[in-house]
Amino acid sequence: MTDHLIIVAAGTGSRMGTDLPKQFLEINQKPILVHTLERFYSFDSSLNMIVVLHPDFVDYWIDLKRTLQLNIPHQVVAGGKERFFSVQNGLNAIQAETGVVGIHDGVRPLVSKRTFETSYHQARINGTAIPVLPLNDSLRMVEDGQNKIADRSKFRLVQTPQCFEISLLRKAFQQAYHPMFTDDASVVEALGVHLNLVEGNRENIKITTPEDLQMAQAYFTLTQEI
């Protein structure tokens, strides 16, 4: 059975403060999005991979692939105004009716093989798998100008790939869009479905700021095999 991966890279990178969207910025002379594709391809070369891009950068990516001689098989799909619609477009491009669909941020190039395998395996068994990490820092909750301590043991940091059985995911994305849909797990959760949490990996950061880019560069310098 073939599994699927939707790589969401449709942002414009406003928080990075660069003209070029962050997924195209380079680490070790290679765009972040290329690192992400290569990593998943090394995990499972049979994955049906779909890359969702901002419509303005589809041609840019096609030219970039040609320049880099990137031969990793994948389909390119234009994204929407919100992440919800970008994932929906990616999901509509999948013809198969079976398998697990992973949805991954294009700017998380440091996902580990263990996180990948655990997420897909658990989704195959339970229908859903969301990689998370416990918090190390103390938390305070701010509300109406007041703040108080929050119990960090009750919270988790959410990562990707978020993995789902394909028929469940299709049903979830038939719902009308809601601003509370901040990630794919929240869309599936709106169906009343229990989400299964699995352990992520610390290096699997989402590169959204210049500081994140420096941190990712440091990880790549330390090791290419996490």
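Guide: R83, F84, V87, F173, F181, T182, D183, D184 and V187 line the largest cavity, a cavity being a set of points, on a 1 Å grid over the protein atoms alone, where a 1.4 Å probe fits but cannot get out, with lining residues having an atom within 4 Å of a point. This is a predicted model, in which local features need pLDDT of at least 70 and side-chain atom pairs count only at pLDDT 80 or more, while totals for chains, interfaces and linings use all residues. Residues are numbered from 1 along each chain as its sequence is written, and side-chain values use heavy atoms, with hydrogens and water left out.

Visitor: Which helix gives the largest share of the lining of the largest cavity?

Guide: Helices here are DSSP runs of H or I with at least four residues, and strands are runs of E with at least two, numbered from the N terminus. Both α3 (83–92) and α6 (184–189) supply at least two residues of that lining. The largest share, three residues, comes from α3.

Visitor: With which residue does D105 form a salt bridge?

Guide: A salt bridge is a side-chain nitrogen of Lys or Arg within 4 Å of a carboxyl oxygen of Asp or Glu. For D105, the closest N and O atoms of the pair are 2.8 Å apart, and the partner is R83. The pair links distant parts of the chain, since D105 belongs to strand β6 (residues 100–105) and its partner, 22 residues apart from it, to helix α3. The residue asked for is therefore R83.

Visitor: Is D105 buried or exposed?

Guide: Buried means under 20% relative accessible area, exposed means over 50%, and partly exposed lies in between, using a 1.4 Å probe and protein chains only. Because D105 has a relative accessibility of 5%, this residue counts as buried.

Visitor: Why does the salt bridge of R170 with E97 tie together parts that are apart in sequence?

Guide: The closest N and O atoms of R170 and E97 are 3.9 Å apart. R170 lies in helix α5 (residues 166–172), whereas E97 lies in the loop between α3 and β6, so the parts tied together are separated in sequence by 73 residues.

Visitor: Which residue in β4 stands opposite I6?

Guide: Two strands pair if DSSP finds at least two bridges between them. Strand β1 (residues 4–9) and β4 run parallel and are joined by six bridges. Within β4, the residue opposite I6 is I50.

Technical notes: 1 Å grid on protein atoms, 1.4 Å probe; cavity = no way out; pocket = protein on both sides within 12 Å on 5 of 7 lines; lining within 4 Å.
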